[in-house]
Amino acid sequence: MRIKNNVAVSASGLIFNPDTGESFTVNPMGAMIINELKEGKSQEEIIATTIEKYFVEKNTFEKDFEDFLGLLHNFSLVEND
Amino acid sequence: MTEKRKLTIAVTGLNAIDSPGPGVAVIRGLKEAQSFDCRIIGLGYESLEPGIFMHDLVDKSYLIPYPSSGTDAILERIEFIHNNEKIDVLIPNFDAELYPFIRLEKTLADMGIHTFLPTLAQFEERHKVNLDEFGKKYGIKVPKSKSYHDLHSALKLSHDFEYPVLVKGKFYEAYVAYNDEQVKTYFNKITAKWGTPVIIQEFVHGSEFNVTGLGDGKGNTIAAIPMRKQYITDKGKAWGGVSISDYRMLELTGQFLSQTKWRGGFELELMKDKQNEFYLLEINPRMPAWIYLAVGAGQNIPETLVRLALGEEVKPFTEYKVGKMFVRYAWDMIVDIEEFQQISTTGEL
């Protein structure tokens with residue numbers, strides 16, 4: 001799964017989907033995850049970086065991460081590899 | 001540096017109010033034209049249309065008779081104005097006035113006034129009263145709709161529709177009705193203002209999108225800007241919007257233009273449902289009030305329309321800026337009573 005090429009993500013966490021005109025805001029953790037997905041990092045790599053940076057428990061984060069990916073999918077911000 | 005040619009362009013739709021006419025936005029585009037300088041003649045119907053008092057945009061204003069006065073009365077007034085101003089191009093911006101101006105097209109051309117309007121057949125065919133047929137003919141998805149000339153028949157709509165439904169006037173206004181009682185209220189409200197028929201349309205739940213563009217009358221897309229409404233007023237008008245890159249909207253626009261050979265500016269009103277399907281709700285046969293977004297996004301549609309009206313060859317626009325937004329605002333102008341008095345009594349300012 002990767003973020004669509006044309007989806008713009010600002011440093012402050014504003015996401016703009018130019019296909020639909022929808023915009024969303026995410027917190028710094030969300031922005032970091034989205035940017036890493038944009039860079040083509042694997043889900044395992046993103047999980048590893050995030051739990052290290054934010055000191056979160058792995059199981060809890062994996063569940064939240066899955067929910068977050070589901071949201072990105074629902075809003076048509078991602079496409080499958 | 002060579003001096004740009006100077007054109008005199010007459011523009012209607014100066015009612016920059018809460019449900020605005022497109023005139024002021026069209027004029028802003030014309031003032032930014034690269035290929036000409038222009039003197040703007042504002043044509044208004046009421047003495048309080050704000051554009052009349054915008055002297056930085058409108059050089060001279062005249063009141064003209066309402067379309068319901070008939071083509072003779074309109075022509076007589078335009079002849080008078082033309083004698084004073086030598087109009088090169090006239091841009092009507094209201095649906096209701098297009099019919100007389102289309103009929104006067106040749107007469108105006110003989111006088112030296114150029115227009116760039118759809119044909120009468122195109123104008124009639126896309127009419128919301130005929131939208132159902134239009135969709136079938138061109139293979140474009142449209143919500144089910146039916147026209148009614150009397151309330152009694154409209155109240156039997158439950159045989160054909162499920163609530164909620166949209167109750168729409170033939171030119172303007174649309175209301176969502178959830179029951180018979182509301183259909184009755186809106187039907188009466190609309191017929192009092194716009195006459196019949198009243199259109200009952202299936203209500204498609206979803207997000208509102210629009211495309212504005214320009215067809216050359218030969219089936220080519222000269223310009224097209226898709227927009228998503230971001231802020232909608234209680235009258236259903238976009239108060240904010242953003243240019244987007246949805247290729248399906250551009251394809252649909254291309255399909256509309258190549259099949260109908262539409263001539264002139266237009267606006268497609270679309271609804272995207274939960275299944276991501278686009279429905280064509282309406283085709284407005286003129287530039288919309290948000291046309292200045294197209295200028296801001298890199299396609300000066302008013303300027304290009306003027307060039308087409310003058311018979312020039314224009315190259316189709318191939319790109320535009322995605323993510324350009326418009327945010328509308330209300331602005332109180334201070335006007336001396338003498339100006340109001342002058343436009344009200346003499347019909348000129």
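**Exercise 1: the interface**

Task: find how many residue pairs are in polar contact across the interface of chain B and chain A.

Solution, step by step:

- Start with the polar contacts: the rule finds three residue pairs across the interface of chain B and chain A, both residues at pLDDT 80 or more. A polar contact here is a pair of N or O atoms within 3.5 Å; within protein, one must be able to donate a hydrogen and the other to accept it, and residues adjacent in sequence count only if both atoms are side-chain atoms.
- Strands (E, at least two residues) and helices (H or I, at least four) are DSSP runs, numbered from the N terminus.
- Finish with area: the two chains bury about 600 Å² between them, 45% of it on carbon and sulfur atoms. That is the accessible area (1.4 Å probe) lost on putting the two parts together, summed over both. In chain B, B:Arg228, B:Ile244 and B:Ser245 lose the most, together 48% of what that side buries.

**Before you go on: what sort of model is this?**

This is a predicted model, where local features need pLDDT of at least 70, side-chain atom pairs count only at pLDDT 80 or more, and totals for chains, interfaces and linings use all residues. Residues are numbered from 1 along each chain as its sequence is written, chains are lettered from A and ligands numbered from 1 in the order written, and side-chain values use heavy atoms, with hydrogens and water left out.

Chain B averages a pLDDT (the predictor's confidence in each residue, from 0 to 100) of 92. The complex gets an ipTM of 0.73 and a pTM of 0.87.

**Exercise 2: a covered helix**

Task: work out which residues of α1(B) are buried.

Solution, step by step:

- Helix α1 of chain B spans residues 23-31, and seven of its nine residues are buried, meaning under 20% relative accessible area (1.4 Å probe, protein chains only).
- They are B:Gly23, B:Val24, B:Ala25, B:Val26, B:Ile27, B:Gly29 and B:Leu30.
- Their packing partners in chain B include β1 (6-11), β2 (37-44) and α11 (301-309).

Definitions and conventions: Buried < 20%, exposed > 50% of the residue type's maximum accessible area, 1.4 Å probe, protein only. Contact = heavy atoms within 4.5 Å.
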